[in-house]
Amino acid sequence: MTSGLTDGELTVLGLLVEQPRHGYDLERVIEERGVRTWTALGFSSIYYVLDKLARRGLIEAAGAASSGKSRVTFRATVLGREQCAAATRDALAALTPVRARVLIAMANSPGLPDADVVTGLTRRLDALRQQLVDVQATRSGQEPLPAAASAIFDYSETMLRADVTWTESTLDALARETAVEKYDIKKAHKKLYSPPSRDFTVVDVPEFRYIAADGRGDPNTSPAYANAVEALYGVAYTLKFASKNTLGRDFVVGPLEGLWRADDPAVFRARRKEEWEWTMLISQPDWVTEDMVQAAIDNVSKKKANPALDDVRLRTLVEGTCVQILHIGSYDDETPTLERLHDHYLPENGLTFNGDHHEIYLSDPRRTPPAKLKTILRQPIRAR
């Protein structure tokens with residue numbers, strides 16, 4: 001807007017161009033015409049706007065107040081009429097900005113339970129419907145209306161109806177999505193993903209499919225590790241949305257998992273991380289195919305270059321009989337638990353290693369204090 005007038009300033013200035021008015025008269029007209037349904041202009045802000053317009057020379061007092069400041073009558077100056085006309089010309093051609101706060105809420109909604117999203121949108125829908133009734137009632141009370149005023153109400157009603165339609169369709173889409181049962185490996189195999197934290201338990205792990213990426217080095221400092229994790233999550237979420245949109249089958253992206261190995265297992269207890277070799281994993285439902293994985297990799301690579309994408313593959317893992325325990329705390333505090341496993345539990349029960357050390361990261365380290373991190377420590381075993 002070339003004049004630099006805000007919506008509220010242009011509204012008040014336009015009413016004073018129409019005819020001289022004082023504050024109470026402006027409030028009456030704004031209320032009667034339903035102006036607040038299409039611009040943010042509170043009663044307390046009217047005098048603030050009047051002062052700003054007067055300081056800029058766009059309005060002036062038309063005469064002495066009859067009873068205090070609130071009764072001072074203002075009229076538009078020549079400059080005010082010129083700027084009002086210029087701003088009105090600009091506003092007639094201006095597009096409506098898409099800045100609804102609900103769009104930010106929808107962007108953040110995956111972090112809420114589905115029930116909370118539905119409740120919020122339902123409350124919004126009720127409020128929109130009531131607002132539409134109020135606008136229609138205001139319009140009815142002023143009929144017949146001149147063409148310009150009628151157009152204002154037409155616009156307000158059209159926008160509200162569009163918002164009602166969007167909210168209704170969004171709620172319908174959420175209802176359909178909720179009706180489709182999501183596969184969640186943590187729920188489908190609860191025993192494998194919720195071990196106790198005090199004692200080791202023996203479990204039989206069936207064949208699982210994962211997207212996987214290999215590497216070597218300290219996970220805290222290795223660029224290869226960071227790239228691998230980023231690549232896996234990018235492909236995992238792309239697969240989730242592709243499965244939902246093309247197959248109508250949805251699933252929860254599983255936790256990050258890792259297979260850890262070294263020529264000398266003692267390097268794990270000694271925390272010599274630069275000698276660690278790893279395969280990072282994210283589980284996949286059995287309907288995900290190699291073609292789907294490759295399509296997801298190609299899709300992700302178009303958005304951001306990541307050398308680890310070349311190494312991502314679909315992998316089948318069969319671990320069989322395993323011992324596992326839930327570790328609560330920092331990753332660097334796993335040593336005592338690993339020592340219990342290696343030096344006591346396994347030899348005392350006539351068992352030995354039968355595969356890579358496996359960790360399942362149930363917590364997000366970016367949001368969880370180290371002392372509260374939950375990690376499943378799993379070790380495939382066999383009899384000595």
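Q: How many aromatic pairs does the count come to?
A: The model is a predicted one. Rings of Phe, Tyr and Trp pair if their centres lie within 6.5 Å. By this rule, the number of aromatic pairs is 9.

Q: Is the pair of F200 and Y345 stacked, edge-to-face or tilted?
A: The centres of the two rings are 5.1 Å apart. Planes under 30 degrees apart count as stacked and those over 60 as edge-to-face, with the rest tilted. The planes of F200 and Y345 stand at 45°, so the pair is tilted.

Q: How many residues apart are F200 and Y345, which link distant parts of the chain?
A: F200 lies in the loop between α9 (190-193) and β3 (201-205), whereas Y345 belongs to helix α13 (residues 335-348). Both residues are buried.

Q: Is the pair of Y331 and Y361 stacked, edge-to-face or tilted?
A: Y331 is in the loop between β8 (320-328) and α13, and Y361 is in strand β10 (residues 357-361). Their ring centres are 5.5 Å apart. Planes over 60 degrees apart count as edge-to-face. The planes here are at 80°, so the pair is edge-to-face.

Q: Which element gives the most to the largest nonpolar core?
A: This core holds 31 residues, and I211, L232, V235, L239, L256, M280 and V312 touch the most other members. At least two residues each come from β4 (208-216), α10 (223-247), β5 (256-261), β6 (277-284) and α12 (290-303). With 8 residues, the element that gives the most is α10.

Q: Which residue in β11 stands opposite Q324?
A: Strand β11 (residues 374-383) is mostly covered, with 7 of its 10 residues buried. β8 and β11 are antiparallel and pair over 7 bridges. The residue of β11 opposite Q324 is R378.

Q: Over the ring of which residue does the charged end of R378 sit?
A: R378 has Q324 opposite it in the strand pairing. The charged end of R378 is 5.9 Å from the centre of a ring, and that ring belongs to Y193.

Q: Which residue in β11 is the bridge partner of L351?
A: Strand β9 (residues 351-353) and β11 run antiparallel and are joined by 3 bridges. Within this pairing, the partner of L351 is A383.

Notes. Residues are numbered from 1 along each chain as its sequence is written. This is a predicted model: local features need pLDDT of at least 70, side-chain atom pairs count only at pLDDT 80 or more; totals for chains, interfaces and linings use all residues. Side-chain values use heavy atoms; hydrogens and water are left out. Rings of Phe, Tyr and Trp (its six-membered ring) pair if their centres lie within 6.5 Å; planes under 30 degrees apart count as stacked, over 60 as edge-to-face and the rest as tilted. Helices (H or I, at least four residues) and strands (E, at least two) are DSSP runs, numbered from the N terminus. Buried means under 20% relative accessible area, exposed over 50%, partly exposed in between (1.4 Å probe, protein chains only). A charge sits over a ring if NZ of Lys or CZ of Arg is within 6 Å of the ring centre and within 35 degrees of the ring normal. A nonpolar core is a set of buried Ala, Val, Leu, Ile, Met, Phe, Trp, Tyr and Cys residues joined through side-chain atoms within 4.5 Å. Two strands pair if DSSP finds at least two bridges between them.
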